[in-house]
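Please open the model in your viewer and keep the selection tool at hand. The tour below goes from one selection to the next and says what is found at each stop.

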Amino acid sequence: DKVQGEQILRKILTEPHTDDVNFRVNFNLGTYDLRNGNFKEGLRHVLLDGRKLNIWHEFKFPKDQLWEGSPVQGKTIVLCAEGGIGDEIISVRFMQHFKDVGMTPIWMTDRKDIAEIFNRNGFKTIPTLKNIPESWLWTYSMPSPTYLDLDEDDLWYGSYLKPIKNTTPLTGTKKKIGIKCMGNPKYDQDLHRTIPFEELIEAIPDDYEIYSFHIDEDFQHPRVISLKDKIKTWDDTLDYLDQMDIVVSSCTSLIHAAGAIGKESIVIIPILTYYTWAKLGYHTKWYGDNLTILRQREYDNWKAPLGELKERLNDLCIR
């Protein structure tokens with residue numbers, strides 16, 4: 001009951017509590033603020049109060065070079081990736097916004113295949129902050145839109161990653177749909193976002209040829225073609241995403257990659273949703289109209305969003 005949940009949280013803030021409790025309450029209220037359309041306030045609570053709660057990785061880099069505010073013309077700034085691969089794909093777009101305010105951005109990541117993709121798409125990367133010049137600044141990448149005072153309409157400026165189209169073309173006469181029903185099982189929230197594989201397949205009309213983008217799990221089904229042996233790098237992933245007519249996934253890095261290349265996509269999200277999907281509606285300003293959001297309505301019950309998925313896929317087949 002999100003209405004009651006929000007009321008409880010706001011009441012807590014009227015009472016005396018420790019800073020730790022207030023940070024936790026504000027962090028949770030951030031998702032409600034985003035849901036209600038209060039973008040800047042919501043993002044600030046999710047990302048900045050979340051930082052205080054050590055939700056994301058913390059770097060032990062020089063504090064005197066940490067940047068958390070106003071643009072500094074002509075300065076080089078390193079954006080440090082503190083989250084997962086999906087978070088890197090979400091946030092690398094903001095390098096363009098730093099350029100727009102006269103700074104020279106560099107992305108820091110130790111994920112080599114992600115770095116190759118970013119470099120190829122005009123986002124310069126380095127693997128570490130060791131031995132960077134003392135004149136450079138560094139910052140956490142995810143709060144970038146808060147530090148730069150961006151609004152919702154500033155988020156999406158079109159696809160910012162492009163595949164190299166170096167993989168073998170897939171054959172077949174049916175529409176191609178790429179799927180992924182779960183993310184990293186070591187992530188503590190993965191249980192909430194995992195869609196039962198069989199239920200997902202049942203929701204896909206027979207007019208589609210189904211390709212699985214699961215590379216760590218061995219899901220098998222007579223209707224499903226696994227790409228597990230074909231995908232070795234993230235470049236391979238982007239190439240095969242590009243060959244799909246549509247991509248359907250739970251909240252994983254795959255759906256962010258599909259959104260970043262501008263692929264028509266559908267994300268199916270749990271009640272406990274990530275901040276990029278928090279605002280109500282079928283679309284998000286993070287990726288534009290090419291990405292559709294279908295929402296779980298009852299905890300641990302995927303029947304409603306999978307029913308919507310089936311209807312939408314049937315409509316797409318008629319087009």
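Two strands are said to pair if DSSP finds at least two bridges between them, and helices (H or I, at least four residues) and strands (E, at least two) are DSSP runs numbered from the N terminus. This is a predicted model, in which local features need pLDDT of at least 70 and side-chain atom pairs count only at pLDDT 80 or more, while totals for chains, interfaces and linings use all residues. Residues are numbered from 1 along each chain as its sequence is written, and side-chain values use heavy atoms, with hydrogens and water left out.

Begin by selecting strand β1 (residues 76-80), which runs parallel to β2 and is joined to it by five bridges; along this pair, I77 stands opposite P105 in β2.

Next, show helix α6 (residues 112-120) together with helix α10 (residues 234-243), whose axes come within 8 Å of each other and cross at roughly 60°. Here the axes are lines fitted to C-alpha atoms over the stretch in contact, and angles run from 0 to 180 degrees between N-to-C directions. In contact (heavy atoms within 4.5 Å) are D113, I114, E116, I117 and R120 of α6 with W234, D235 and L238 of α10.

Keep α10 selected and ask how many of its 10 residues are buried. The helix is mostly covered, with eight of them buried, including W234, L238 and Y240. Among the elements that cover these buried residues are α4 (85-91), α6, β8 and α11 (253-260).

From there, move to β8 (residues 246-249), which is joined by four bridges to the parallel strand β5 (residues 175-180); V248 in β8 is the bridge partner of I179. Finally, display the open sheet of six strands, which has the order β7-β6-β5-β8-β9-β10 with parallel pairing. At its edges stand β7 (224-226) and β10 (291-295), each with a single partner strand, so one side of each is left without a neighbour in the sheet.

Definitions and conventions:
Buried means under 20% relative accessible area, exposed over 50%, partly exposed in between (1.4 Å probe, protein chains only).
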